[in-house]
Amino acid sequence: DEWMQRISIDFCFWVAGVGILASIVGIFLVRTREGIPKDQLMHKLLGSIRFGVVGASLLATGGALLVIGIILDWSSETWSIWGCTLVGLVAGVIIGEITEYATSFSYNPTQEIARKSLTGPATVIIQGLGVGMLSTLTRRVV
């Protein structure tokens with residue numbers, strides 16, 4: 001019916017808006033202090049970014065529940081739809097973590113590609129393709 005179509009359209013915009021606001025807040029959660037030793041800098045930066053992602057995700061989760069509850073008047077469908085939203089959000093965070101693992105120099109896959117550069121460009125290409133293929137496989141599973 002027309003009412004359900006309108007709610008479906010409103011829902012998408014409101015949840016997207018909450019996600020955008022949560023992302024903006026998440027930007028301000030990313031902080032580091034000055035004077036960090038260079039050997040710890042990358043670790044601290046990645047930890048700070050992870051804190052911002054987790055904070056924004058939690059805000060988006062709570063905001064989505066609030067929006068869904070208000071739009072659906074806290075009916076029994078509220079929890080089902082929020083659960084679907086939660087699954088999508090968790091999948092996105094997992095995919096982000098997998099991407100960070102495959103592309104950050106702090107982790108073994110990228111360090112292994114760098115070590116292959118000692119033997120020549122062909123081994124770098126082969127190792128890079130292998131790591132790239134493995135990283136896309138894990139995202140497909142999620």
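The dialogue below walks through salt bridges, a nonpolar core and helix contacts in a predicted model.

Student: Where should I begin with charged side chains, and how many salt bridges does a search of the whole structure find?

Tutor: Keep in mind that this is a predicted model, and then look for a side-chain nitrogen of Lys or Arg within 4 Å of a carboxyl oxygen of Asp or Glu. A search of the whole structure finds four salt bridges, and one of them joins Glu 97 to Arg 50, with the closest N and O atoms 3.2 Å apart. Glu 97 belongs to helix α3, which covers residues 77-103, while Arg 50 belongs to helix α2, which covers residues 38-71, so this pair ties together parts that are 47 residues apart in sequence.

Student: Which other residue forms a salt bridge with Arg 50?

Tutor: Glu 100 does, and here the closest N and O atoms are 3.0 Å apart. Because Glu 100 lies in helix α3 and Arg 50 in helix α2, this pair ties together parts that are 50 residues apart in sequence. Taken together, Arg 50, Glu 97 and Glu 100 are linked in a network of salt bridges.

Student: Are Glu 97, Arg 50 and Glu 100 buried, partly exposed or exposed?

Tutor: To answer that, you compare each relative accessible area with the cut-offs, where buried means under 20% and exposed means over 50%, with partly exposed in between. Glu 97, at 31% relative accessibility, counts as partly exposed, and Arg 50, at 29%, counts as partly exposed too. Glu 100 has a relative accessibility of 14%, so this residue counts as buried.

Student: Let us turn to nonpolar residues. Which residues make up the largest nonpolar core?

Tutor: The general idea is that, in soluble globular proteins, nonpolar side chains tend to be buried together. In this model the largest nonpolar core has 10 residues, among them Ile 7, Val 15, Leu 65, Ile 68, Leu 72 and Trp 82. The elements that give two or more residues to this core are α1, residues 2-29, and α2, and the largest share, five residues, comes from α2. If you look at Leu 72 and leave aside residues up to four places away in sequence, you will find that Leu 72 touches Ile 7, Glu 77, Thr 78 and Ile 81.

Student: How do I read the way two helices pass each other, and at what angle do the axes of α3 and α4 cross?

Tutor: You take the angle between the N-to-C directions of the two axes, and an angle under 35 degrees counts as roughly parallel, whereas one over 145 degrees counts as roughly antiparallel. The axes of α3 and α4 come within 5 Å and cross at roughly 25 degrees, and α3 and α4 are therefore roughly parallel to each other. In this contact, Tyr 101, Ala 102 and Thr 103 of α3 meet Asn 108, Pro 109 and Thr 110 of α4, and the contact residues divide into three nonpolar, three polar and no charged.

Student: Is Thr 110 buried or exposed, and which residues does Thr 110 touch?

Tutor: Thr 110 is buried, with a relative accessible area of 17%. Not counting residues up to four places away in sequence, Thr 110 touches Ala 102, Thr 103, Ser 104 and Phe 105.

Student: Are α3 and α5 roughly parallel or roughly antiparallel?

Tutor: The axes of α3 and α5 come within 10 Å and cross at roughly 170 degrees, which makes α3 roughly antiparallel to α5. The contact is made by Ile 95, Ile 98, Thr 99 and Ala 102 of α3 together with Val 131, Ser 135, Thr 138 and Arg 139 of α5. Those residues divide into four nonpolar, three polar and one charged.

Student: Where is Ile 125, and is this residue buried or exposed?

Tutor: Ile 125 is in helix α5, residues 121-141, and with a relative accessible area of 53% this residue is exposed.

How values were computed: Residues numbered from 1 in each chain as written. Predicted model: local features only at pLDDT ≥ 70, side-chain atom pairs only at ≥ 80, totals over all residues. Heavy atoms only, no water. Helix = DSSP H or I, 4+ residues; strand = E, 2+ residues; numbered from the N terminus. Buried < 20%, exposed > 50% of the residue type's maximum accessible area, 1.4 Å probe, protein only. Axes fitted to C-alpha atoms, helices over the stretch in contact; angles between N-to-C directions. Parallel < 35°, antiparallel > 145°, perpendicular 65-115°, else oblique. Contact = heavy atoms within 4.5 Å. Nonpolar A, V, L, I, M, F, W, Y, C, P; charged D, E, K, R; others polar. Core = buried A, V, L, I, M, F, W, Y, C linked by side-chain atoms within 4.5 Å.
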